[in-house]
Protein chains: 2
Amino acid sequence: MQMSDYIETINKKLDEYIQIQYPEDIFKAMKYTVLLPGKRLRPVMCLETCRMLGGNIEDAIPTACAIEMLHAQTLIHDDLPCMDNDDYRRGKPTNHKVFGEANAVLAGDALLTFAPQIIVKNASNNITPEKLIRILCEYFHAAGAYGVIAGQVVDIESENKTPENPEKTLEYIHTHKTADLFKLSLRTGAIIADATDEQLEELTQFGQNLGVAFQIADDILDETSTFEQMGKTIGKDKISGKLTYVSLYGIEKSKEELNNLLDKCECILAKHNLKSEVFDKIINKIRLK
Amino acid sequence: MQMSDYIETINKKLDEYIQIQYPEDIFKAMKYTVLLPGKRLRPVMCLETCRMLGGNIEDAIPTACAIEMLHAQTLIHDDLPCMDNDDYRRGKPTNHKVFGEANAVLAGDALLTFAPQIIVKNASNNITPEKLIRILCEYFHAAGAYGVIAGQVVDIESENKTPENPEKTLEYIHTHKTADLFKLSLRTGAIIADATDEQLEELTQFGQNLGVAFQIADDILDETSTFEQMGKTIGKDKISGKLTYVSLYGIEKSKEELNNLLDKCECILAKHNLKSEVFDKIINKIRLK
């Protein structure tokens with residue numbers, strides 16, 4: 001499957017999974033951010049990992065969509081006035097700007113349990129109850145206080161005071177805020193395809209490297225690109241004194257580390273003889289020229 | 001087991017399940033509201049339902065605690081400035097007053113996936129994977145946009161504009177905001193004890209009646225009691241023009257309906273020959289003199 005085919009499948013399913021019903025405001029708010037135009041990177045990685053390891057893509061679709069819903073949840077809450085206070089996301093007004101703060105909080109809350117519900121409700125016959133529980137555990141871990149939330153908490157803390165060890169803190173933030181959802185995508189795709197423990201471990205490392213690389217690229221672009229290119233307010237990190245790769249290491253060293261991490265990703269694929277045009281594309285897109 | 005034994009067991013387990021670790025702020029914020037002194041009504045009902053139907057209480061403890069965590073989650077987010085904007089809860093400052101708004105949002109988010117994680121991680125050998133998934137589905141349904149969140153959304157909407165059918169709207173709010181967690185407690189306790197379909201259905205009705213009765217009592221107390229008795233700001237519903245049983249039907253008719261619902265609860269227990277001092281106590285406590 002090509003990248004565009006994946007994206008089409010995912011968008012169709014996301015639209016289908018979130019049916020607008022009473023009370024409409026909450027379902028509309030959930031659907032609004034989930035369906036904002038985006039690269040669908042995380043669900044694509046989940047499906048492609050499954051395919052790459054010989055699994056059936058169909059079996060991974062509910063999980064892939066659930067991960068995109070979880071991602072949207074983090075965006076909705078991160079954009080809130082009490083957090084990053086952002087007005088735009090993917091070029092459109094943020095959730096609370098359209099539906100109000102209360103509904104934005106509740107839409108995020110709703111997505112957190114709607115997503116695993118989708119995984120269970122739409123599980124194919126190939127997914128045994130044991131495997132289903134394993135997938136749910138991966139989801140809970142990445143979504144919660146050990147995962148993305150840990151990253152967001154430390155991110156907020158480090159804005160208010162300079163941490164003792166900024167390098168370590170930044171790595172922690174990037175690992176949890178960004179790489180944890182990448183790892184979730186790869187790990188669940190791999191679990192669905194019955195990966196070996198070794199494959200699972202190496203793909204986790206792949207997700208870690210790719211996630212951090214993605215975040216470094218985002219930090220660089222936040223300084224060098226425009227609103228039109230990014231679809232969100234630009235330069236905010238610098239103004240708010242946020243800890244970023246660029247503020248800590250400068251642009252040149254950041255680019256170096258970015259390329260270094262992406263090289264490691266390519267090595268992992270090569271070592272396991274895993275061929276993937278889709279992952280090649282993703283890596284090349286993140287690799288800044 | 002006596003009510004006080006249940007409460008002691010639940011408090012001990014809640015304290016044990018939430019270990020403070022890095023990043024400490026988020027775990028402290030989660031633990032703060034979960035461990036505020038309370039009646040632990042929902043987890044007690046889960047354990048007692050399991051016992052009453054011949055199940056093993058130990059098997060229900062993780063689920064009972066998860067329901068209390070979910071309840072705490074709803075309190076944290078409902079108290080936020082963008083929602084009910086409450087400063088006190090159970091006689092103590094609300095979560096955002098202690099930890100700040102951002103951490104309160106994140107602590108609520110974290111609890112939403114921490115709770116089902118507790119159910120899975122601590123599942124006893126008596127809980128088959130199939131049963132575990134059934135319990136998780138009950139949790140997802142009650143926690144999400146079909147459950148408590150639906151109630152909260154309609155509650156907020158009805159504050160801003162008078163609904164076309166206030167009686168029906170109020171019933172909807174009470175059913176979802178309050179009764180859904182009561183039903184969750186009873187249903188999961190029953191499922192763990194291998195209840196028959198008929199028992200499960202009748203206990204769902206029991207939970208519905210008891211939940212609405214509980215909310216009517218709360219509406220009445222909001223008008224007639226003090227801060228010291230309730231541990232939260234009193235009379236706010238009236239000031240904010242909130243739709244309540246008392247505002248809609250008056251105190252006398254509210255008391256009548258309250259007693260009517262509790263009578264129905266007693267009938268269900270009697271019909272199935274279910275003896276429970278704990279439920280008798282709960283019913284008598286809600287029944288206002």
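## Backbone features in the loops

In this predicted model, B:Asp194 has 13 C-beta neighbours inside 10 Å and therefore counts as partly exposed, since that class lies between the limits of 12 or fewer for exposed and 20 or more for buried. B:Asp194 sits in the loop that links α9 (166-192) and α10 (197-224) of chain B, and its phi is positive, about 55°, although the residue is not a glycine. In chain A, A:Asp194 occupies the loop between α9 (166-192) and α10 (197-224), has a positive phi of about 60°, and, with 13 C-beta neighbours inside 10 Å, likewise counts as partly exposed.

A cis peptide bond, with omega about -10°, joins B:Tyr22 to B:Pro23, and B:Pro23 belongs to the loop between α1 (3-17) and α2 of chain B. The bond from A:Tyr22 to A:Pro23 is also cis, with omega near -10°, and A:Pro23 is placed in the loop between α1 (3-17) and α2 (24-34) of chain A. Most residues other than glycine have a negative phi, and most peptide bonds are trans.

## Relation of the two chains

Chain B is superposed on chain A by a rotation of 180° with 0.0 Å of shift along the axis, at an RMSD of 0.0 Å, and the two copies are thus related as by a two-fold rotation axis. In chain B, the C-alpha nearest this axis belongs to B:Pro129, at 2.8 Å. Both copies use the same surface, for 100% of the contact residues of chain B recur in chain A.

## The interface

Contact between the chains involves 40 residues of chain B and 40 residues of chain A. On the side of chain B that touches chain A, at least two residues come from each of α2 (24-34), α6 (101-121), α7 (129-143) and α8 (148-160), with α6(B) giving the largest share, 14 residues. That side divides into 28 nonpolar, seven polar and five charged residues.

Helix α6 (residues 101-121) of chain A packs against α8(B) at an angle of about 170°, their axes being 10 Å apart, and the two helices are therefore roughly antiparallel to each other. Among the residues making this contact are A:Leu106 and A:Asp109 of α6(A) and B:Gln152 and B:Ile156 of α8(B).

## The nonpolar core

The largest nonpolar core has 180 residues, and those with the most contacts inside it are A:Ile26, A:Met30, B:Ile26 and B:Met30. Beyond its neighbours within four places in sequence, B:Ile26 is in contact with residues that include A:Ile149 and A:Val153 as well as B:Leu106 and B:Ala110.

Note on methods:
Residues are numbered from 1 along each chain as its sequence is written. Chains are lettered from A and ligands numbered from 1 in the order in which they are written. This is a predicted model: local features need pLDDT of at least 70, side-chain atom pairs count only at pLDDT 80 or more; totals for chains, interfaces and linings use all residues. Copies are superposed by least squares on the C-alpha atoms of residues with pLDDT of at least 70 in both. Two residues are in contact if their C-beta atoms, placed from the backbone, lie within 7 Å. Helices (H or I, at least four residues) and strands (E, at least two) are DSSP runs, numbered from the N terminus. Ala, Val, Leu, Ile, Met, Phe, Trp, Tyr, Cys and Pro count as nonpolar, Asp, Glu, Lys and Arg as charged, and the others, Gly among them, as polar. Axes are lines fitted to C-alpha atoms, for helices over the stretch in contact, and angles run from 0 to 180 degrees between N-to-C directions. Angles under 35 degrees count as roughly parallel, over 145 as roughly antiparallel, 65 to 115 as roughly perpendicular and the rest as oblique. A nonpolar core is a set of buried Ala, Val, Leu, Ile, Met, Phe, Trp, Tyr and Cys residues joined through C-beta atoms within 7 Å.
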